[in-house]
Amino acid sequence: MLAAIASGNTTNGGIANYVGRRSDQITHPLKVLEDCALVAREPGLFRSGRFRYRIVEPLITFYEAIMRRRWPELEIHRAERVWGSVRQTFLAQVVGPHFKSLCRDFALRPGETLYGGFSAEVGSGVVGDPAKRTQIEIDVAVLAGQEPGLPRKILSLGEVKWGEVISHHHLERLARARTLLDKKGYDTRDTVLTCYGGCGFTGELTTAADADSRIMLVGLDRLYQG
């Protein structure tokens, strides 16, 4: 089951298919992994009852996604050859998900100064786009606390890219998600569109962020500052 999650199967159904069991048959093993703090269950913020599972320790993800599959070659000292063929897998299945987790931790860290309000809940989510028959993945969603009688306020919607320069195209996806969530009854009047980049941002996007307070760019320097 750890191998399933490390391979990108993060939903209950995806894990069950990977291990060849029914969804109800893996409920107890998943609960055991959660109780041992090996796996975290994270709710989808925009769809009630939907959860994704994440391996807490990235070294375990590295073992399951990389080492375990190539163990016979590693045992005969072919580590350099193995690394040459699995480097992209490492970036996609180990580094990428861990970087997203770090960005969500960053979104929880500050007080009211970063997004203009207190970050009561931070997670990920999926926004359906019926007109385009697609789904928009939100890597970092920041919500304010629920106030009685008022729409839930979204402080920020974020896109995370580790190995790719973030461009205006990514910003447009976030803007589209903001519009769709507004139609669903969320308060998005002050929602900040945040791009978290491990490889930087295009000049066009940087210029847009300088001119609009509702666009924020978070690079490695800001992510790791004191």
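What follows is a guided reading of this model, taken one region at a time.

This is a predicted model, in which local features need pLDDT of at least 70 and side-chain atom pairs count only at pLDDT 80 or more, while totals for chains, interfaces and linings use all residues. Residues are numbered from 1 along each chain as its sequence is written, and side-chain values use heavy atoms, with hydrogens and water left out.

Side chains of opposite charge can pair when their charged atoms come close. With a salt bridge defined as a side-chain nitrogen of Lys or Arg within 4 Å of a carboxyl oxygen of Asp or Glu, the model holds 13 salt bridges. One of them joins Glu42 to Arg54, with 2.7 Å from N to O. Because Glu42 belongs to strand S1 (residues 39-43) and Arg54 to strand S2 (residues 51-55), this pair ties together parts that are 12 residues apart in sequence; helices (H or I, at least four residues) and strands (E, at least two) are DSSP runs, numbered from the N terminus. Arg54 is partly exposed, at 24% relative accessibility, where buried means under 20% relative accessible area, exposed means over 50%, and partly exposed is in between (1.4 Å probe, protein chains only).

A further salt bridge links Arg68 with Glu64 at 2.9 Å, N to O. Its two partners can be described in turn: Arg68 is partly exposed at 48% relative accessibility, whereas Glu64 is buried, with a relative accessible area of 8%.

Arg152 and Glu121 also form a salt bridge, and their closest N and O atoms are 2.9 Å apart. Since Arg152 sits in the loop between strand S4 (134-143) and strand S5 (154-161), and Glu121 in strand S3 (residues 121-129), the pair ties together parts that are 31 residues apart in sequence. Arg152 is buried, with a relative accessible area of 19%, while Glu121 counts as partly exposed at 28% relative accessibility.

On the surface, Asn17, in helix H2 (residues 12-19), is exposed, with a relative accessible area of 65%. The C-alpha atoms of Asn17 and Ala4 are separated by 8.9 Å, and the two residues are 13 residues apart along the chain. Asp212 occupies the loop between helix H8 (203-211) and strand S7 (215-218), and is partly exposed, with a relative accessible area of 32%.

The last topic is the open space. Rolling a probe the size of a water molecule over the atoms shows where empty space is left. A pocket is an open set of points on a 1 Å grid over the protein atoms alone where a 1.4 Å probe fits, with protein on both sides within 12 Å along at least five of seven lines, and its lining residues have an atom within 4 Å of a point. The largest pocket is lined by 38 residues, of which Ala92, Gly96, Pro97, His98 and Lys100 lie nearest its centre. Elements that give two or more residues to this lining include helix H1 (2-6), helix H4 (58-67) and helix H6 (79-108), and H6 gives the most, with 11 residues.
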